[in-house]
Amino acid sequence: MTIYCNYIKPLIDKIIALILFVLLFPIGIIIMGLLLVESFSNPFFVQSRPGKGGRTFRMIKFRTMNKAMDSKGNLLSDDQRITPIGQWLRKTSLDEIPQLLHVIKGEMSLVGPRPLLEEYLPLYNEEQKKRHEVLPGITGWAQVNGRNAVDWEKRFQLDLWYVDHVSFWLDLKILLLTLKKVVLREGISSGSFVTMEKFKGTVQ
């Protein structure tokens with residue numbers, strides 16, 4: 001596993017990510033134009049996320065939500081802020097295209113546990129912290145086994161299983177299953193939430 005994760009996997013990641021970025025670049029330009037016309041604001045969403053070893057990096061995605069607030073200055077709920085184009089981007093997973101740059105830079109992998117919010121770091125128990133032993137991924141074992149439709153406990157179980165079993169063949173399987181999920185548009189949301197309900201820690 002060490003040889004694969006440290007040498008083979010990063011090389012494969014960067015080659016595939018570079019090819020995909022070149023192929024998807026024209027689509028990315030079109031998406032940028034659509035988002036600019038829709039909101040007249042920055043088409044990118046940038047946020048600090050923890051990567052391997054818990055080290056943070058500035059993750060970039062196409063923006064799928066506006067910044068609408070209530071009368072008290074609080075952001076409205078996700079389902080009230082998601083834009084029509086943003087909803088389409090999420091359903092097709094095209095909002096993830098800019099993350100190929102992170103794979104090329106070595107900050108992410110094509111496959112691995114999804115990088116979660118930085119604010120969750122203090123909430124992890126010792127077992128859950130193991131998800132940071134590998135690079136975060138654009139897709140992962142949790143994404144092909146329910147994506148946002150599974151609860152947090154199941155999601156962590158799936159992420160940790162991946163960390164313990166990472167291999168070339170498992171990564172290939174996840175990539176193929178991801179393609180299937182994107183085509184069928186499965187597991188985009190969880191219940192009443194457009195995205196995933198916030199993680200509040202595990203009850204011991």
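What volume does the largest cavity have? I looked this up in a predicted model, where local features need pLDDT of at least 70, side-chain atom pairs count only at pLDDT 80 or more, and totals for chains, interfaces and linings use all residues. Residues are numbered from 1 along each chain as its sequence is written, and side-chain values use heavy atoms, with hydrogens and water left out.

**Cavity.** The largest cavity has a volume of about 60 Å³, and my search of the whole structure finds one cavity of 30 Å³ or more. A cavity here is a set of points on a 1 Å grid over the protein atoms alone where a 1.4 Å probe fits but cannot get out, and lining residues have an atom within 4 Å of a point. I list Leu35, Glu38, Ser39, Ser41, Asn42, Arg63, Thr64, Met65, Asn66 and Thr83 as its lining, which divides into two nonpolar, six polar and two charged residues.

**Helix pair.** I find that the axes of α5 (residues 152–165) and α6 (residues 168–184) come within 9 Å and cross at roughly 140 degrees. Trp161, Tyr162 and His165 in α5 meet Leu170, Asp171 and Ile174 in α6, with contact meaning heavy atoms within 4.5 Å.

**Confidence.** I note a mean pLDDT (the predictor's confidence in each residue, from 0 to 100) of 88 for the chain, with 92% of its residues at 70 or more. Over residues 189–193 pLDDT stays under 50. Where pLDDT is low, the predicted coordinates should not be read in detail.

Terms used
On a 1 Å grid over the protein atoms alone, a cavity is a set of points where a 1.4 Å probe fits but cannot get out, and a pocket is an open set with protein on both sides within 12 Å along at least five of seven lines; lining residues have an atom within 4 Å of a point. Grid points are joined across faces, edges and corners, and a volume is the space filled by probe spheres set on the points. Ala, Val, Leu, Ile, Met, Phe, Trp, Tyr, Cys and Pro count as nonpolar, Asp, Glu, Lys and Arg as charged, and the others, Gly among them, as polar. Axes are lines fitted to C-alpha atoms, for helices over the stretch in contact, and angles run from 0 to 180 degrees between N-to-C directions. Helices (H or I, at least four residues) and strands (E, at least two) are DSSP runs, numbered from the N terminus.
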